[in-house]
Amino acid sequence: MLGYVIRRILIMIPTLLAISVITFVIIQLPPGDYLTTLVNEMQSRGESMDQGRLAMLRETYGLDRPMYEQYALWLAGMLRGDFGYSFEYNLPVSDVVGDRLSLTAIVSFATILFIWVVSFPIGIYSATRQYSLGDYVLTFLGFLGLATPSFLLALVMLYFANVWFGTSIGGLMDPRYIGQPWSWGKAMSVFEHMWIPVIVIGTAGTAAMIRRLRANLLDELHKPYVVTARAKGLPPGRALVKYPLRVALNPFVADIGNLLPQVVSGAAIVSVVMSLPTTGPMLLQALRSQDMYLAGSFLMFLAVLTVIGVFLSDLALAALDPRIRLSGGASR
Amino acid sequence: MAELPMARPSTGETPTVAEMRYPAGALAGDYARAGAGLALTVLPLAFLPVIPWIAVPLAACALLFAVFAARTLQRQLTRLTMDGEGLRADGPLGGAIRWDALSGLKLRYYATRRGRDDGWMQAALSGGGKTLRFDSNLEGFDAVIERAALAAGRNGVTLTPVTVDNLIALGIEPPEDTGEDDPNKKRPAP
């Protein structure tokens, strides 16, 4: 297993470097830079900026340097914890992001937990009781969850949460805690507000997971070895858990890698609708205004999550099913 | 990389004494991996003021690469000897297992590509309180596994379905039904 881990890490590091290059190039691709966008905005308002001051700002922010030099400085800075400077906020990126990263991590973790806790038992129930009333009801709810746009569900949930539970609309905490240091009251306020975004963001993922687990498990349950195990008198629970469930979990585990970044990036629109102080809305704004270091840092954060997620799911898969595929060939 | 040769059909004959080592090419590849990994992790730690959030995973990776380098050295110094009596590993972390004392055989397959080709097998043989681990880079790997499968069958060792599948993939006939999941059959005493 050590050899496998080593090989995977050796693939992971160059992958992250390649992603950082691509991210940086893509951010630089649109014509002009942040200052050009700023000048255009000022001109549209009938204002103007002195060319000398513009050149000075360009030099201050390093925008006059070659792209490879800007990239090298950005990369080396990230290792030191300096993610660059946000032109729009006139602050270091780390200060701009502030609480948003931790709040995003809390919401994402809670959403993934919600997806797993809800979809796992329902998927097993639907597969083991195929075509029962419960299976039909849960399948219907699953399709409904897949088909409903998250932002629409967000609006509906916000309304009912306010009418039925008196929870304030939007945000992840009561307005009096915004900008305040963490306290027990603030944590409880976040906890109280979190269930709405968690359900909204997690619904589509939960529905998809239920469908996938049900399909995988049904495939396994219809295989001859399960029929044989039952015929030999193996208790139904053991005949389910011992092999079919374990094999059906393979695609489920393989999906962890995609789940993490999907939850973080896919929640951007929901975050805008629900006024969540997470990273999504800020990333959208940074991309629109070509705030390159802020946008680049967010995109790198998503890339790191993806690569780590895929790494973890590959490790779990290797531990779960270290089996050769007879169609493929092994080599020395 | 050469194809993993299929083992010859099981004859039950006592094989002659065979000495096996890891080929230089495979070891060179692993040394290169360890070196590249150490360079990618240790150099930034040594020459840049890295923040703890990044330094800790980098240091953990550096430690893993160091352990991997040590393991590669151990494999380079190891020489396996197989005869009718058992299997013996001479070198660091060496040991010996008699075939009639073999109580465990695990065969795992790992591959880093999505298509799961170009992978390698990892074997773990246990018995008499000793475990010997080696992989399919070893010269004569399939012959050792074939002999171990035969001994496992004779000793009534329970093999996992993963090991059975991997044995079949190597062209080695797995031992008869080992009784796993059969409620009517008693498991052999360890």
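Predicted model: local features only at pLDDT ≥ 70, side-chain atom pairs only at ≥ 80, totals over all residues.
In strand β6 of chain B, Gln122(B) is the bridge partner of Arg108(B).

β5(B) and β6(B), the latter covering residues 120-127, are joined in the antiparallel sense by eight bridges. On the other pairing of β6(B), six bridges connect this strand to β7(B), again with the two strands running antiparallel. Gly127(B) has Lys130(B) as its bridge partner in β7(B). The hairpin of β6(B) and β7(B) has two residues between the strands, and Gly128(B) takes a positive phi near 60° there.

Together, the three strands make an open antiparallel sheet in the order β5-β6-β7. Its edges are β5 (102-110) and β7 (130-135) of chain B, each of which pairs on one side only. From one strand to the next, the twist averages 15°. Helix α3 of chain B, residues 141-155, lies across β5, β6 and β7 and runs at about 135° to β5(B).

**The sheet β1-β2-β3-β4 of chain B**

Chain B also holds an open sheet of four strands with antiparallel pairing, ordered β1-β2-β3-β4. The average twist between one strand and the next is 15°. Strand β3(B), residues 86-90, pairs with β4(B) in the antiparallel sense over four bridges. Within β4(B), Ala96(B) is the bridge partner of Arg88(B).

| Strand pair | Sense | Bridges |
|---|---|---|
| β5(B) and β6(B) | antiparallel | eight bridges |
| β6(B) and β7(B) | antiparallel | six bridges |
| β3(B) and β4(B) | antiparallel | four bridges |

**Helix α1 of chain A and its two packing partners**

Which helix of chain A has an axis that comes within 10 Å of the axis of α1(A)? It is α16(A), residues 292-320; α1(A) covers residues 2-28, and the two axes cross at roughly 155°. The two helices are therefore roughly antiparallel, since the angle is over the 145 degrees required. The crossing of α1(A) past α16(A) is right-handed.

On the α1(A) side, the residues in this contact include Tyr4(A), Arg8(A), Met12(A), Leu16(A), Ile19(A), Phe24(A) and Gln28(A). On the α16(A) side, among them are Met292(A), Gly296(A), Leu299(A), Val304(A), Phe311(A), Asp314(A) and Ala318(A). By class, the contact of α1(A) with α16(A) comprises 17 nonpolar, five polar and two charged residues.

α1(A) also packs against a helix of chain B, namely α2(B), residues 52-77, at an angle of about 130° and with the axes 10 Å apart. This angle makes α1(A) oblique to α2(B). The crossing in this case is left-handed. α1(A) contributes Leu2(A), Val5(A), Ile6(A) and Ile9(A), and α2(B) contributes Cys61(B), Leu64(B), Phe65(B), Val67(B), Phe68(B) and Arg71(B). The residues of the contact between α1(A) and α2(B) are nine nonpolar, no polar and one charged. Val5(A) takes part in the contact with α16(A) and in the contact with α2(B).

**Confidence**

The model has an ipTM of 0.74 and a pTM of 0.70. For chain A the mean pLDDT is 80, with 94% of residues at 70 or more. Helix α13(A), residues 256-266, has the lowest confidence in that chain, with a mean of 67, and helix α7(A), residues 133-147, has the highest, at 87. Residues 327-332 of chain A have pLDDT below 50, and this stretch makes 25 contacts in the model beyond near neighbours in sequence.

For chain B the mean pLDDT is 79, and 81% of its residues reach 70 or more. Among the elements of chain B, the lowest mean pLDDT, 81, belongs to β1(B), and the highest, 90, to α2(B). Where does pLDDT fall below 50 with 27 contacts beyond near neighbours in sequence? That applies to residues 1-14 of chain B. Over residues 179-190 of chain B pLDDT also stays under 50, and the model has 16 contacts for them beyond four places in sequence.

Notes. Residues numbered from 1 in each chain as written. Chains lettered and ligands numbered in written order. Axes fitted to C-alpha atoms, helices over the stretch in contact; angles between N-to-C directions. Parallel < 35°, antiparallel > 145°, perpendicular 65-115°, else oblique. Left-handed = near helix turned anticlockwise from the far one by under 90°. Contact = placed C-beta atoms within 7 Å. Nonpolar A, V, L, I, M, F, W, Y, C, P; charged D, E, K, R; others polar. pLDDT = per-residue confidence, 0-100. Pairing = 2+ DSSP bridges.
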